[in-house]
Amino acid sequence: MNSKNSKQKIVVILGPTATGKSDFAVELAKKINGEIISADSRQVYIGLDIGSGKITKKEMKGVPHHLLDVTNPKKEFSVADYKKLADKKIEEIISRGKIPIIVGGTGFYIDSVINDSQLPEVKPNKNLRKELEKLSTGELFKILKKLDPRRAKEIDAKNPVRLIRAIEIAKTLGKVPKLKTNPKYNTITIGLDFPDYELKERIEKRLISRFKNGMLDEAKKLHSQGLSFKRMEQLGLEYRYMAKFLQGKITEKEMVEKLNLEIWKYAKRQRTWFKRDKNIIWVK
RNA sequence: GCGUCGGUGGCGGAGUGGUCAAUCGCAAUAGACUGUAAAUCUAUCGCCCUUUGGGCUACGGAGGUUCAAAUCCUCCCCGGCGCA
């Protein structure tokens, strides 16, 4: 009771894409003397601006923003990287006597921070992954089962990404440690959302305006700076379909149609993730 | 008008006498998520019944052949193409 109340307060603003989280956060930050920490797996990359919906300097209205532009898109970035940086930023903000406001749509990143998830300290092993990628999920599952029956029992046996990472961990640590969580902050979480038809409309309008604002040029520029189309496709959504278009794999019409649909589907996936947290205060 | 190819589930598209409520892809719906998370993956997906199961209605329409038809035959309707 007491210990809970003595915990530092932090605010989280989340919700599916295109719900106006950034603007909402700026207004709140001004009111409560806060600083914003972005929780967006794409906005961490330098140069992914229009396509990722990164807030502009002007839109920040003087409110400090953190964890935007922290790495090069050619490099891989992960939750673990995010968590380390976010933990540090939170402490810094608190030490300044201000309130940290975590804002974004990447649920996995947000949860890792507010739950203080103890992710296994095992770095990605490129060579191992390359080898494992050649195997079928059935084979991968067998390997994991031998290494760590406990983890094998609960893992998604058909998801190669999950299986490979689990094997990677088990190979170095002997097994995959049970995930420990231990929330260290007193978190208040606000969720922003809209009814389906309205969110779809917002997604469509936003996509049009992104193209108008030179999103395609941004993609071309990124490529000319050495970002491969393969990597761009990995980044998903806007970047994925612009990369396909720029390679002539799809037409412009297909790109736009596919994007509207895929962004909507993404929004629904985000909602599914957020449903697990019953403490979110939804504003619709 | 003649010829020809075709009309299949929300869409695309397999199937060409039985093992078909009908491969597959897309969409849709629900979901998972321990360093790729805008990523990756799963389930369901004609209607009804509580079921490993059963019933019903279905493959443009109407008849017919057959023990059995989405699959064969006849006529009709619709679309593409070719020739007039």
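## Report on a predicted model with an RNA strand

Strand E2 (residues 34-38) and strand E4 pair in the parallel sense over 5 bridges. Here two strands pair if DSSP finds at least two bridges between them. Helices (H or I, at least four residues) and strands (E, at least two) are DSSP runs, numbered from the N terminus. The model is predicted: local features need pLDDT of at least 70, side-chain atom pairs count only at pLDDT 80 or more, and totals for chains, interfaces and linings use all residues. Residues are numbered from 1 along each chain as its sequence is written, while chains are lettered from A and ligands numbered from 1 in the order in which they are written.

**The sheet**

An open sheet is formed by 6 strands in the order E3-E2-E4-E1-E5-E6, with parallel pairing. Its edge strands are E3 and strand E6 (281-283), each of which pairs on one side only. Helix H2 (residues 21-32) packs on the sheet and touches E1, E2, E4 and strand E5 (186-192). The direction of H2 makes about 175 degrees with that of E4; such angles run from 0 to 180 degrees between N-to-C directions, and axes are lines fitted to C-alpha atoms, for helices over the stretch in contact.

Strand E4 also pairs with strand E1 (residues 9-14), to which 3 bridges join it, and these two strands run parallel. The table lists bridge partners in E4.

| Residue | Bridge partner in E4 |
|---|---|
| Glu35 | Pro100 |
| Ser38 | Val103 |

Why is strand E4 largely enclosed by the rest of the structure? In E4 (residues 99-103), 4 of the 5 residues are buried. A residue is buried if 20 or more other C-beta atoms lie within 10 Å of its own, exposed if 12 or fewer, and partly exposed in between, with C-beta atoms placed from the backbone.

**Two crossing helices**

The axes of helix H11 (residues 215-224) and helix H13 come within 10 Å and cross at roughly 75 degrees. H11 is therefore roughly perpendicular to H13, a term for angles of 65 to 115 degrees; under 35 counts as roughly parallel, over 145 as roughly antiparallel, and the rest as oblique. Met215, Leu216, Ala219, Lys220 and His223 in H11 meet Glu238, Tyr239, Met242, Ala243 and Leu246 in H13, where contact requires C-beta atoms, placed from the backbone, within 7 Å. The residues of this contact divide into 7 nonpolar, 1 polar and 2 charged. Ala, Val, Leu, Ile, Met, Phe, Trp, Tyr, Cys and Pro count as nonpolar, Asp, Glu, Lys and Arg as charged, and the others, Gly among them, as polar.

**The surface near the RNA**

RNA strand B is surrounded by 49 residues, and the closest are Ser41, Arg42, Ser52, Ala80 and Gly236. A residue is near a strand or molecule if its C-beta atom, placed from the backbone, lies within 6 Å of it. Helices H4, H9 (160-173), H13 (237-246) and H14 (252-274) each supply at least two residues of this surface. H14 gives the most, with 7 residues. By type, the surface divides into 20 nonpolar, 12 polar and 17 charged residues.

**Residues in loops**

Lys61, in the loop between helix H3 (57-60) and E3, has a positive phi of about 50 degrees although it is not a glycine. Lys61 counts as exposed because it has 12 C-beta neighbours inside 10 Å. Asp116, in the loop between helix H5 (107-114) and helix H6 (126-133), also has a positive phi, near 50 degrees. With 15 other C-beta atoms within 10 Å, Asp116 is partly exposed.

Definitions and conventions. Two residues are in contact if their C-beta atoms, placed from the backbone, lie within 7 Å.
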